[in-house]
Amino acid sequence: MTDRDVARPGEIYYLAPKARRAKVPFHISGRGQTTREVANIYGIRLKHLIRYNQLTLNQLITGSQVLWLQ
């Protein structure tokens, strides 16, 4: 976070660096989820999640889409 970011209630914030891979191999997305939300759920870096799935930053994910986390 920077000094310009706004802290939102219910949002997950990490004090230590995130991992490169999750402990589980994949995630089945819910409707309207973003890549940022999925990365925060599993504590992995957003750039790695995007690279594993060949997506773009904050791309909306279709419901029931399989996202690779490793």
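Modeller: Helices (H or I, at least four residues) and strands (E, at least two) are DSSP runs, numbered from the N terminus. Here, Val-66 belongs to strand β2. This is a predicted model, in which local features need pLDDT of at least 70 and side-chain atom pairs count only at pLDDT 80 or more, while totals for chains, interfaces and linings use all residues. Residues are numbered from 1 along each chain as its sequence is written, and side-chain values use heavy atoms, with hydrogens and water left out.

Biologist: Is Val-66 buried, partly exposed or exposed?

Modeller: Buried means under 20% relative accessible area, exposed over 50%, and partly exposed in between (1.4 Å probe, protein chains only). Val-66 counts as partly exposed because its relative accessibility is 39%.

Biologist: Which residues make the nonpolar surface patch?

Modeller: Patches are made of residues with over 30% relative accessible area and no salt bridge; like charges are joined within 9 Å, and nonpolar side chains (Val, Leu, Ile, Met, Phe, Trp, Tyr) within 5 Å. A salt bridge is a side-chain nitrogen of Lys or Arg within 4 Å of a carboxyl oxygen of Asp or Glu. Accessible areas come from the Shrake-Rupley method with a 1.4 Å probe, and for residues only the protein chains shown count as cover. In this model, Phe-26, Ile-28, Val-66 and Trp-68 form a nonpolar patch of about 390 Å². At least two of its residues come from each of β1 (26-28) and β2 (66-68).

Biologist: Where does Gln-33 lie, and which residues does Gln-33 touch?

Modeller: Gln-33 is in the loop between β1 and α1 (35-42), and it counts as buried because its relative accessibility is 15%. Contact means heavy atoms within 4.5 Å. Leaving aside residues up to four places away in sequence, Gln-33 touches His-27, Val-38, Ile-41, Gln-59, Leu-60 and Ile-61.

Biologist: With which side chain does the side chain of Gln-33 make a polar contact?

Modeller: A polar contact is a pair of N or O atoms within 3.5 Å; within protein, one must be able to donate a hydrogen and the other to accept it, and residues adjacent in sequence count only if both atoms are side-chain atoms. The partner is the side chain of His-27, at 3.1 Å. A polar atom of the Gln-33 side chain also lies 3.0 Å from the backbone nitrogen of Gly-30.

Biologist: What is the phi of Gln-54?

Modeller: Gln-54, a residue other than glycine, has a positive phi near 55°. Gln-54 sits in the loop between α2 (46-53) and β2, and it counts as exposed because its relative accessibility is 75%.
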